[in-house]
Amino acid sequence: MRHCLRSLTGLLLAVATMAVLPPRPGLAAQAAPGATPSADEEVALLRRELDALRREYGSRMAAIEEKLAAIEAARAAAPTAASAPAEPAPPAPAVAQAVPPATASKVFNPDIAAIGNFVGAAGESPGGGEPSLNMQEAELSFQAVVDPYARADFFVTLSPDEVALEEGYITFPTLPGGFLTKVGKMRDAFGKVNGQHPHTLPFLDRPLVSKNLTGGEDGLADAGISVARLIPNPWLFLEATGQVYQGNSEVFQAPTRGDLAYVGHLRAYHDIGESTNVDLGGSIAYGHNGMTEDTTTRLLGVDATLRWKPLRRSIYTHFLARGEVTWSRRGQPDAVDAVGGYGFLEYQFGRRWTAGVRYDNSERADAPGLRDTGGSFILTYRPSEFSLVRAQYRRTSFADTDSPANELLFQLLFAIGAHGAHPF
Amino acid sequence: MRLPSVVALALLAAAPPLGAAVNVVATTEDLADLARQVGGDRVKVEAIARGYQDPHFVEAKPSFILKLAKADLLVAVGRELEVGWLPPLVQQSRNAKIQPGADGYLDASLTVKILEIPTGQITRAMGDVHPLGNPHYWLDPGNGRHIAKAIADRLARMAPADAVYFASRYADFDRRLAEAEKRWDALMAPYKGLKVVTYHRSWPNFVGRFGLDVIGYVEPRPGIPPSPRHTLDLIAEMKRQAVKILIVEPYFDLKTPNSIARETGARVLVLPPSVGGEKDITDFIALFDHDVDLLVRTIRETGAR
C-alpha cells in the first residue's frame with residue numbers, strides 16, 4: 001500500500017509541477033533543435049512526458065497487484081497446509097478468502113452454461129420423424145442477479161436451422177404483496193411438460209399431446225408478464241399464476257395488438273411424509289389463433305404427479321408417476337374439440353440408471369376425429385450429474401397412416417459451465 | 001441528537017416486537033441446532049435437509065418454500081454445498097429478508113477456516129469439486145463455536161432487546177463445547193496419525209482436528225461413484241498401509257465398502273456427519289460424542305493401533 005501511495009503522490013506532484021512551472025528550455029530544445037518551441041509543440045511534449053509517467057505508473061501498479069494476488073493466494077492456501085491446530089485459529093476474515101484482484105473484473109459476469117443435445121434415430125416413421133443423426137440443439141444460458149431487486153435469465157438455443165431466444169426474462173422475487181413477477185419471453189405456465197426445457201425432460205421427445213395440442217417442441221412460449229402468488233392456507237402449498245402474452249406462439253396468434261393471450265395456472269403440492277409427495281395442477285389458456293380475425297383457441301389442462309424418494313437413499317432410487325390431460329377447443333371458425341394426454345412412470349434402479357415407460361394418446365387440434373396413440377420405453381444412464389445417455393423405443397400409431405411407426409431413438413446430453421439448480 | 005434517535009426508532013421498527021420469536025430456517029440440522037443453542041426459546045428453528053440425507057442432493061420441494069416464506073433468518077452452509085437446490089427456493093420464497101445480501105441471509109462459512117480451496121486450474125474432470133473449498137467444515141467442533149457466535153451476533157442485531165440473552169446462551173454453549181472438546185481430544189489423542197479411508201471427502205475438518213490421516217477415498221473423485229479399477233487400487237493401497245478403518249456417510253451404498261472390507265480386513269464404520277444422522281444425535285455436541293465414541297470403540301476392536 002505504501003508503494004502505491006508513494007507512486008500516486010509522485011504522479012500528482014509531477015502533474016501539478018508541469019501545470020504550474022514554465023516549460024524547461026532543455027527539453028524544448030531536444031524536441032525541436034534550433035527552433036523556438038511553439039505552444040503546440042510544448043503541449044505535445046508535455047503530453048508525451050505525461051504518457052511516459054502514466055506508463056511507468058501503470059506498470060508499477062500492475063507489479064503491486066501481482067504481489068498482492070500472490071500474497072492472497074498464499075494466505076488462502078495456508079489453512080490447507082496447516083494440520084490440526086490444538087486451538088482453532090481465530091476465524092479468518094471473509095476478505096482473505098475473497099476473489100483475488102486479478103479476477104475482480106469478472107465476478108459480475110453471469111453464470112454461463114452450454115448444454116449439447118445430440119439425438120440419433122433409427123427405424124420407420126411415416127411422418128419423417130427425427131433425422132438419423134442430429135445435433136438437435138445447443139442451449140446457452142446466462143444467469144445473474146441484476147440488482148438488489150431482480151435477477152435475469154437468458155436461454156438461447158442454437159439448432160441446425162435457427163438461433164432462438166428460448167427464454168429471456170427478468171424476475172422480481174420480492175415485490176410487495178408476495179407477487180413473484182417475471183417479464184420477458186417465457187415458456188407458459190401451462191401444465192408440467194410445457195414449462196420444461198428439452199434437457200430437463202425425462203424422455204427424449206415431447207409427448208404426442210404436446211405436439212398435437214400445445215405447440216410441439218417450441219410449445220407455448222411467448223413474450224409477456226407473469227405474476228405468481230402463494231395462497232396462504234394451513235394445509236398445503238398453493239400457488240396461483242396469472243400470465244398475459246403478446247399472442248405470438250405456435251398456438252396463439254394475435255391479429256391485432258389488443259388480442260392478448262392469457263394463461264392461468266393453479267398448483268397444489270403436499271408432502272405425504274418425508275419421502276412421498278403429490279403435486280397437482282390445473283391450467284387454462286385463451287387467446288386468438290389467427291385463423292380469422294376473431295377465432296380463438298381455449299386450452300384446459302390438468303396434471304398430477306406422485307413422487308417417492310427415500311431420503312437415506314436419495315441418490316440411488318426414486319419413483320415418479322405423472323399424468324397430464326389437455327382439452328383444446330379451436331375455432332377455425334367452427335369449433336374443433338380435441339383431447340389428449342400422456343401417462344408416465346419412472347423408476348431409478350441404480351445410482352446411474354433410470355427406466356421409464358410412457359403412454360400417449362391425443363387427438364389433433366385442427367382435425368376433428370383424428371387420434372394418434374403411442375407408447376415408449378426409456379432407459380437413461382447418467383455417468384455424472386453433467387451428462388447422460390438415453391435410449392427410447394417408441395411405437396406410434398398415426399390416425400392417417402396404416403402401419404405404426406417403430407423407432408429407436410438415442411440421446412447424448414452434456415452440460416458445461418455453471419452448476420444450475422437440479423430440476424424438481 | 002436527532003439522527004441517532006431516528007436510527008434507534010428505525011431499528012425498533014425493524015426488529016420483531018418483544019416476545020415474538022425470530023423465525024430461523026437453517027439448510028442443515030447442524031446449523032439448526034447451533035441456532036437453537038444460542039437462540040433458546042427466543043427463536044423458532046427449522047431445518048431443510050435431514051441429517052441422514054446427502055446435503056448435495058436435496059430436492060427443492062415447494063413445502064420448503066413455505067418455510068422460507070416466513071423466515072426472518074436463513075442460515076446456509078455456503079461454499080456451493082446447496083447450489084443445486086437453495087437458490088430456486090430462496091427466489092420463490094418471495095421473502096426479501098432472506099435474499100443473499102440481506103440481513104436475514106447468513107452464510108455460515110464466512111466465519112470459519114475453509115479447507116481444500118483449490119488452487120490453479122480446476123475442471124469437472126476432478127469430479128464435483130467445490131471451487132470455493134470443502135463445505136463440510138462444521139465437522140471440526142471448533143468451527144461450531146464460530147458458527148454459533150456468528151448466529152448469536154446476527155440474532156442480536158435482529159432482536160436487540162434479546163442481545164444479552166443470546167450472548168449468555170452463546171457463552172454457555174462455548175463453555176459446554178470447550179469441556180466436550182477436552183473429552184474428545186483426550187479420547188482421540190492416542191490415535192494421532194492413524195490411517196483411515198473415507199467414502200466421500202466429507203471429513204477433512206474432522207480428521208484434521210483429531211489428527212487422523214486419510215490415505216484414500218472410495219469415490220475415485222468427489223461425487224463420482226466407485227469404479228472397479230479405483231477400488232482395486234484402493235484395496236492394494238489399504239493392504240500396503242494396513243488401513244483398518246473405512247468411514248462411510250450414512251447415505252452411501254455399502255456394497256463397495258463391504259467388499260473392500262472383506263478384501264482388506266478393515267471395518268466399515270457408518271459415521272453420521274450431521275445432527276439427526278442417528279436417533280440419539282440430537283444436538284451438535286451429541287454428534288461428536290456419538291462419532292468419537294464409535295470411532296474409538298471401533299479402533300480398539302480392530303486393533304488398528
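In this predicted model, Gln143(A) stands opposite Asp153(A), a residue of strand β3(A).

Strand β2 of chain A comprises residues 133-147 and runs antiparallel to β3(A), the two being joined by nine bridges.

Strand β3 of chain A itself spans residues 150-158 and is mostly covered, with seven of its nine residues buried. A residue is counted as buried here when its relative accessible area is under 20%.

β3(A) also pairs with strand β4 of chain A, which covers residues 163-172; these strands run antiparallel and are joined by eight bridges. Within this pairing, Leu158(A) stands opposite Val163(A), the latter belonging to β4(A). A hairpin is formed by β3(A) and β4(A) as well, and four residues lie between the two strands.

Attention may now turn to the surface, where a patch of negative charge is formed by Asp161(A), Glu162(A), Asp218(A) and Glu250(A). Is Glu250(A) to be classed as buried or exposed? Glu250(A) counts as exposed because its relative accessibility is 51%, and the class of exposed residues begins over 50%.

Key. Residues numbered from 1 in each chain as written. Chains lettered and ligands numbered in written order. Predicted model: local features only at pLDDT ≥ 70, side-chain atom pairs only at ≥ 80, totals over all residues. Heavy atoms only, no water. Patch = residues over 30% accessible without salt bridge, like charges linked within 9 Å, V, L, I, M, F, W, Y side chains within 5 Å. Areas by Shrake-Rupley, 256 points an atom, 1.4 Å probe, with all protein chains shown as cover. Salt bridge = Lys/Arg side-chain N within 4 Å of Asp/Glu carboxyl O. Lys, Arg positive; Asp, Glu negative; His and termini not counted. Charge placed at Lys NZ, Arg CZ, Asp CG, Glu CD. Buried < 20%, exposed > 50% of the residue type's maximum accessible area, 1.4 Å probe, protein only. Pairing = 2+ DSSP bridges.
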